[in-house]
Amino acid sequence: MKLILTSILMAAALGANAQTLRREITIDSPNGGGPVVLRLSEIEGLDFDVKSATIYVGFFTPPKVTKGADGSISISYQDEDLMLAGQLDDLDGDERADELAFIASDKEYTIDFYAGNEGAIKLGVPTFLGKSRFVYADMMLDDKKAAHPLITALEAPGDSYLYNDVYHHGAAFENMWCGFRVYFDARQNIDIYGKQHPRLELADTHFYTTAEQMKQGYGNDVLWAGNSVGCGSFKGWDGKAPTNIEPVKTRGQRIVASGPVRTIVEVKDIGWNGLNMRQYYTLYDGCRECEVRITFDRRLGDEVFCTGVQKIGASPEGFVHADGLAASWGSDYPEMGNKEQFPPEAVGLAVYVPKQYIHSVTESDLNYLVLLSAKGQTELKYYVVFCADKEQPDDRRNNQRFSHLDAPAGYHSARAWFDALPDWQAYINNKMNGPKVKIK
């Protein structure tokens, strides 16, 4: 309530000349809620750079201000939980907000946009409104003093090998159940971090869980990808097998956003087979899957790419379907160089490629693969998801659970994992259409 009062008083102090805009938002979502992203350039009447915003649940009713006979002022509110967490994201690095993102659970919201810092949600500053942080992302250097300083971006010539100069080998990001990292090298593999309990851990373990942390119930890296596609890595295709992203003129990674409701990691490859490419990995609070969006600086021709999931361990189970769903289940050592500390882990992997991007599907000794193409287009998109057998049953309330793939007991067999995926696939198809948002 203090934040609301502060906003009101600051707005009053600024007077009529302050650059502000209020809009009422109505959301019709096929999923009954979930992520909402507003492109600021598409909001009518928003003719200033947004530095902050406040999201109110419902169509906002101003607080009632009563002046007593003794001159005292009392303020009463219609609701005790009026404000919603969200984030303003600068996608292109020009210090100007491009999108406002939040997780919707209701149909009606009021949003105040400010040219100054009056709003509760500020550009570049994660704002939690008294709630816990639900997503996290970082990049770190592996320096000689082992200080591992945080960085937000790294770019280098394509023939520079920086894999061992970046701590945990690339950008890492997580929400309560799922952790990912993308290798800073030609493989650009997606690696995964499984957890026993729903919480954020990467700021503590940095993907390198110690034996003591394991005893305390922390999660860990749960997959050894080797020469496979791992869990949904994006690759080239030479007509017979996946290829790494090389040679390139320039390779880079950047943390675009790091919370509180979503993380976005950009992977950049300039000069790859005549293409300039950017990959965006987006993970939301409340969603188990990671969205992978690939953009190109020109329309594609007949290029074919691939993704998929690896066959895990000595007795893998899995499939790839013509409709773009590939899945696997298996158990293997996640760290071949430290088998004593890290025993075999059972995990379930899945990738879903929407039909408009499917070229064909195939299977190899190592992988279940979906080939992608988008002739005449400049973008590809697919979704990556996994579960870890180590996940413990939990008693989160329904409003704290993921929309899909969130069985309270977890997934502990190939059958349980595979049986859950068709509903998830249908959910993704609906999610791609996005919620219908009316702004007035």
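**Group meeting: cores, rings and strands in a predicted model**

Start with Phe386. At 0% relative accessibility, it counts as buried, because the cut-off for buried is under 20%. Keep that residue in mind; we come back to it.

A word on what you are looking at. This is a predicted model.

Overall picture next. The protein has four helices and 31 strands. Along the principal axes, the C-alpha atoms fill a box of roughly 80 × 50 × 50 Å. Of the 440 residues, 52% are buried. Now contacts. Take those with a separation of 6 or more: 68% of them are between residues 24 or more positions apart.

Now the inside. The largest nonpolar core holds 55 residues. Which members touch the most others? They are Phe173, Phe180, Phe234, Tyr281, Phe296, Leu349 and Leu380. Strand 30, residues 379-388, gives the most to this core, with five residues. There is also a second, separate core of 23 residues. Leu38, Leu46, Phe48 and Ile55 are included in that one.

Let me zoom in on Phe180. Its relative accessibility is 1%, so Phe180 counts as buried. What does it contact, leaving aside neighbours within four places in sequence? Among the partners are Ala171, Ala172 and Phe173. Ile190, Asp191 and Ile192 are also on the list.

A pair of aromatic rings is described by the distance of the centres and the angle of the planes. The whole structure has 12 aromatic pairs. How are the rings of Phe180 and Phe386 arranged? Their centres are 5.5 Å apart and their planes stand at 85 degrees, so this pair is edge-to-face. Phe180 lies in strand 15, residues 179-182, and Phe386 lies in strand 30, so the pair ties together parts that are 206 residues apart in sequence.

One aromatic cluster is formed by Phe234, Trp272, Phe296 and Phe305. The charged end of Arg187 sits over the ring of Tyr163, 5.0 Å from its centre. For Lys339, the charged end sits over the ring of Tyr333, and there the distance to the centre is 4.8 Å.

On to strands. Strands of a sheet pair through backbone hydrogen bonds, either parallel or antiparallel. Take strand 24, residues 305-310. Is it covered or exposed? Mostly covered: six of its six residues are buried. Strand 18, residues 235-237, runs antiparallel to strand 24, and two bridges join them. Gly236 has Phe305 as its bridge partner in strand 24. Strand 24 also pairs with strand 29, residues 367-372, in the antiparallel sense, over six bridges. There, Cys306 has Leu371 as its bridge partner.

Six strands make it up, in the order 12-11-14-15-16-17, with antiparallel pairing. Which are the edge strands? Strand 12, 150-151, and strand 17, 220-221; each pairs on one side only. Strand 11, residues 136-141, pairs with strand 12 over two bridges, in the antiparallel sense. Met140 has its bridge partner, Leu150, in strand 12.

One more strand residue. Thr282 sits in strand 22, residues 275-284. Its relative accessible area is 8%, so Thr282 is buried. Beyond residues up to four places away in sequence, Thr282 touches Arg262, Thr263 and Ile264, among others. Glu289, Cys290 and Glu291 are also touched by Thr282.

Last, backbone geometry. The peptide bond from Glu246 to Pro247 is cis, with omega near -10 degrees. Pro247 lies in the loop between strand 19 and strand 20. Gly259 and Pro260 are also joined by a cis peptide bond, with omega about 15 degrees. Pro260 is in the loop between strand 20 and strand 21.

Then positive phi. Glu95, which is not a glycine, has phi near 70 degrees. Glu95 is in the loop between strand 7 and strand 8. Buried or exposed? At 58% relative accessibility, Glu95 counts as exposed. Gln188 has a positive phi of about 50 degrees. Gln188 is in the loop between strand 15 and strand 16. Here the relative accessibility is 1%, so Gln188 counts as buried.

Note on methods:
Residues numbered from 1 in each chain as written. Predicted model: local features only at pLDDT ≥ 70, side-chain atom pairs only at ≥ 80, totals over all residues. Heavy atoms only, no water. Core = buried A, V, L, I, M, F, W, Y, C linked by side-chain atoms within 4.5 Å. Buried < 20%, exposed > 50% of the residue type's maximum accessible area, 1.4 Å probe, protein only. Contact = heavy atoms within 4.5 Å. Phe/Tyr/Trp six-rings, centres within 6.5 Å; stacked < 30°, edge-to-face > 60°. Lys NZ or Arg CZ within 6 Å of the ring centre and 35° of its normal. Pairing = 2+ DSSP bridges.
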